Amino acid sequence: MTAGVVSHDNRYLRLLEAAPDGIIEVDSSGRIGLLNSEVERLFGYRREELLGQPVEILIPERFRERYRAHSLIRPTGSGLDLRALRADGTEFAVDIRLSPFQGGAGPGVICLIRDVTDCKTAEEQLQELNQSLEQRTRAAEQANHLKSDFLATMGHELRTPLTAIVGFSELLAKQTAGPLTGKQERFVEHIRQNSRLLLGLIDDILDLARIEAGRSELKVESFQISGAAAEVLSALRPLAAAKRLELVTEISPSLVLYADRGRLKQVLYNLLSCAIRSTPQDGRVRLAAREEESRFRFSVTHTGTGIPREEQESIFEKFYQPPAQTQGVCEGSGLGLPIAKLLVERHGGRIWVESESGKGSQFHFTLPRRSGATNPGLGA
């Protein structure tokens with residue numbers, strides 16, 4: 001019988017020593033009656049220095065009342081912000097689990113102690129990073145609003161005199177104030193064309209600012225894709241005819257989309273005008289749309305200058321200008337493709353390009369069959 005008890009006690013002690021946490025048995029008077037070697041390692045005491053000592057020797061004074069309260073009220077001290085005290089007087093963060101028990105010598109408490117210094121440090125660093133990120137996010141949002149307000153104000157201030165310049169140049173071109181010489185006609189035409197380019201650039205900047213700030217609402221409705229595409233192609237045919245380009249469309253009249261009709265036309269216009277500008281004389285530009293499960297896929301293909309792989313993401317960045325070796329790739333203000341990308345993503349779709357240098361390009365974008373606002377600032 002005694003041998004069996006001894007064997008049982010040995011197994012119990014081996015389990016204590018194998019535990020990854022410090023384990024202390026505290027009797028009803030608050031003194032240490034048993035501990036494992038992990039406690040020695042954590043606290044820097046020898047076993048004989050702790051046996052029979054009050055457990056408060058291991059706890060900084062400011063935490064002792066908390067320990068006593070939780071040891072009596074509940075069976076665990078997990079989750080408390082506790083510190084432990086080493087033999088050399090230094091403190092470290094711990095997680096202490098308290099389990100009251102009833103032993104042969106009366107009530108006691110088993111304490112499981114784990115060093116959580118690394119966890120606490122990581123939590124504090126993460127909290128600091130989160131606070132820093134929140135501050136930067138607020139600063140970025142404020143800067144974005146200020147930028148949008150500035151662009152809106154300056155855009156309107158610039159647009160007003162430019163509109164007047166365009167109007168007066170058109171009056172001069174009509175020679176309502178008297179005949180013009182050939183040189184004067186050329187000068188007036190230059191003024192009119194460049195003023196219109198600047199006006200278009202300002203409009204693009206204002207539109208981009210509104211979309212980015214979430215101030216541009218999506219006015220969704222059901223409509224035939226072919227009808228919207230036909231209106232865009234009609235507006236662009238003169239530009240294509242000037243370069244003797246063939247415009248081809250492959251869209252079934254049965255395709256019906258629920259989205260913002262005006263914004264879809266804007267995306268198609270931006271992509272097609274980019275394709276026309278990028279295609280040399282006597283080339284070909286094709287617009288196609290087809291249904292794919294619960295979405296529609298649009299493709300604009302042209303036979304113009306291709307886009308190197310390393311440039312294919314950059315072309316959707318604001319104010320992108322192609323390098324010298326790819327001149328002719330959607331030249332302009334550099335806002336048409338970024339605006340198209342934002343509008344497609346606002347509808348819940350995505351846009352990308354497939355191209356090889358010298359072999360033309362294919363611009364693709366997808367839209368869900370029923371598009372809605374994906375930004376809280378956009379209405380459905």
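## Second largest cavity

The second largest cavity has a volume of about 30 Å³. A cavity here is a set of points, on a 1 Å grid over the protein atoms alone, where a 1.4 Å probe fits but cannot get out; lining residues have an atom within 4 Å of a point. Grid points are joined across faces, edges and corners, and the volume is the space filled by probe spheres set on them. The model is predicted: local features need pLDDT of at least 70 and side-chain atom pairs count only at pLDDT 80 or more, while totals for chains, interfaces and linings use all residues. Residues are numbered from 1 along each chain as its sequence is written, and side-chain values use heavy atoms, with hydrogens and water left out.

The lining consists of Arg263, Leu264, Val267, Val344, His347, Phe365 and Leu367. By class these are 5 nonpolar, 1 polar and 1 charged, where Ala, Val, Leu, Ile, Met, Phe, Trp, Tyr, Cys and Pro count as nonpolar, Asp, Glu, Lys and Arg as charged, and the others, Gly among them, as polar. At least two lining residues come from each of helix 8 (261-278) and strand 12 (361-368), and helix 8 gives the most, with 3 residues. Helices (H or I, at least four residues) and strands (E, at least two) are DSSP runs numbered from the N terminus.

## Largest cavity

In total there are 2 cavities of 30 Å³ or more. The largest has a volume of about 70 Å³ and is lined by 10 residues, with Val55, Leu58, Ile59, Ile96 and Ile113 nearest its centre. Strand 3 (82-85) and strand 5 (106-115) are the elements that give two or more residues to this lining. The lining has 9 nonpolar, no polar and 1 charged residues.

## Helix 9 and its cover

Helix 9 (residues 336-346) is mostly covered, with 8 of its 11 residues buried, that is, under 20% relative accessible area with a 1.4 Å probe, protein chains only. The buried residues are Leu337, Pro338, Ile339, Ala340, Leu342, Leu343, Val344 and Arg346. Their cover includes helix 6 (182-212), helix 8, strand 11 (350-355) and strand 12. After helix 9 comes Gly348, with a positive phi near 90°.

## Helix 8 against helix 9

The axes of helix 8 and helix 9 come within 9 Å and cross at roughly 145°. Axes are lines fitted to C-alpha atoms, for helices over the stretch in contact, and angles run from 0 to 180 degrees between N-to-C directions. The crossing is left-handed, meaning that the near helix is turned anticlockwise from the far one by less than a right angle.

On the helix 8 side, Arg263, Gln266, Val267, Asn270, Leu271 and Cys274 meet Gly336, Leu337, Ile339, Ala340, Leu343 and Val344 of helix 9; contact means heavy atoms within 4.5 Å. The residues of this contact divide into 8 nonpolar, 3 polar and 1 charged. Val267 of helix 8 and Val344 belong to the contact and also to the lining of the second largest cavity.

## Chain totals and Thr153

The chain has 9 helices and 12 strands. Of its 380 residues, 39% count as buried. Among contacts with a separation of 6 or more, 61% are between residues 24 or more positions apart.

Thr153 lies in helix 5 (residues 117-173). Thr153 counts as partly exposed because its relative accessibility is 47%, between the 20% limit for buried and the 50% limit for exposed. Thr153 and Leu206 are 53 residues apart in sequence and 9.3 Å apart in space, C-alpha to C-alpha.

Key: 1 Å grid on protein atoms, 1.4 Å probe; cavity = no way out; pocket = protein on both sides within 12 Å on 5 of 7 lines; lining within 4 Å.
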